[in-house]
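Let's take a walk through a protein model together.

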Amino acid sequence: DAYRGSRELKSKMVEGREDASSIMPALEKAPAAPGEAGVPLAEPQVRQDFRSTVFWGPLVTTDAEGRAAFTAKFQDSLTAWRATARGISAETDVGSAAYDVRTKKEIIVRLQAPRFFTERDRATVSAKVHNFTDVRQKIKVSLKAEGVKLEGEPETWVDVDPEGEKRVDWTVVAEKSGTATFVAAAQTAKAADAMQKQYPVV
């Protein structure tokens, strides 16, 4: 009887475990981090036009109320800009006005390198990554180099606090004279940035 009772108790325990497992909700898989399978990274638009003047209009005619409009495309520099207008009427009345505006992105990468390289130089090229969002970001940072030899891994991952920044360094070797071209990129699942610059190798 004791043996039969033990078997019955064990059977009930097994049945209870099976019943419990059948009503437990399935465990959801933790969301993949950016860069993992199923979470593609945003593709950056490479910034390479860093001229300091957006628009120059030496002769803009106003309407009867003294208003004028023009269309301009900002260059790739992510910075503060100042628009200044100066006017003169046929009666030699003059006036001027200025307005400040800023261009920015949620994720910004800034390429830092010497102004030029000398043949056989070993130098440091850096990417400074800025996170202008209000959450901590895991960011893939990479560097492509042409005209010089890039030592080490071309890409890495960094964690950047909200409104924070991180710097990533690479070592390059200028093996021959010519032009060195660098493209630095920063990517997350929703935002990305990249910039390209060229430097002489003498």
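**A walk through the model**

Arg122 forms a salt bridge with Glu151, and their closest N and O atoms are 2.8 Å apart. Since Arg122 lies in strand 5 and Glu151 in strand 7, the pair ties together parts that are 29 residues apart in sequence. Glu151 is partly exposed, with a relative accessible area of 28%. A salt bridge, in this text, is a side-chain nitrogen of Lys or Arg within 4 Å of a carboxyl oxygen of Asp or Glu.

Before going on, a word about what you are looking at. This is a predicted model, in which local features need pLDDT of at least 70 and side-chain atom pairs count only at pLDDT 80 or more, while totals for chains, interfaces and linings use all residues. Residues are numbered from 1 along each chain as its sequence is written, and side-chain values use heavy atoms, with hydrogens and water left out.

Now step back to the whole chain. How many helices and strands does the protein chain have? There is one helix, and there are eleven strands. Both are DSSP runs numbered from the N terminus: helices are H or I with at least four residues, and strands are E with at least two. Reading from the N terminus, the order of elements is α-β-β-β-β-β-β-β-β-β-β-β. Of the 202 residues, 26% count as buried. The chain exposes about 14800 Å², and carbon and sulfur atoms supply 50% of that area; accessible areas come from the Shrake-Rupley method with a 1.4 Å probe, and for residues only the protein chains shown count as cover. Among contacts between residues at least 6 apart in sequence, 61% join residues at least 24 apart, where contact means heavy atoms within 4.5 Å.

Next, look at how strands line up. Two strands pair if DSSP finds at least two bridges between them. Strand 2 (80-88) runs antiparallel to strand 3 (residues 94-102), and nine bridges join the two. Along this pairing, Arg82 stands opposite Asp100 in strand 3. The hairpin of strand 2 and strand 3 has five residues between the strands, and Thr92 takes a positive phi near 65° there.

Strand 5 brings us back to Arg122. An open sheet of four strands has the order 4-5-9-7, with antiparallel pairing. Its edge strands are strand 4 (107-112) and strand 7 (149-151), each of which pairs on one side only. From one strand to the next, the twist averages 30°; the angles run from 0 to 180 degrees between N-to-C directions, with axes being lines fitted to C-alpha atoms, for helices over the stretch in contact. Within this sheet, ten bridges join strand 5 (residues 122-131) to strand 9 (residues 164-173). Which residue in strand 9 is the bridge partner of Val125? Look for Trp170.

Six bridges join strand 6 to strand 8 (residues 155-160), antiparallel to it, and Ile139 has Val158 in strand 8 as its bridge partner. Seven bridges also join strand 6 to strand 10 (residues 178-187), again in antiparallel fashion. In strand 10, Gln187 is the bridge partner of Lys140.

Let's return to charged side chains, where the count comes to ten salt bridges. One of them joins Lys105 and Asp193, with the closest N and O atoms 3.2 Å apart. This pair links distant parts of the chain: Lys105 sits in the loop between strand 3 and strand 4, and Asp193 in strand 11 (residues 192-201), 88 residues apart. Is Asp193 buried or exposed? Asp193 is buried, because its relative accessible area is 0%, whereas Lys105 is partly exposed at 26%. Arg47 joins Lys105 and Asp193 in a network of salt bridges.

Phe55, Val60 and Phe70 make a nonpolar patch of about 290 Å². Patches are made of residues with over 30% relative accessible area and no salt bridge, with like charges joined within 9 Å and nonpolar side chains (Val, Leu, Ile, Met, Phe, Trp, Tyr) within 5 Å. Val60 lies in the loop between strand 1 (46-47) and strand 2, and counts as partly exposed because its relative accessibility is 40%.

Conventions:
Buried < 20%, exposed > 50% of the residue type's maximum accessible area, 1.4 Å probe, protein only.
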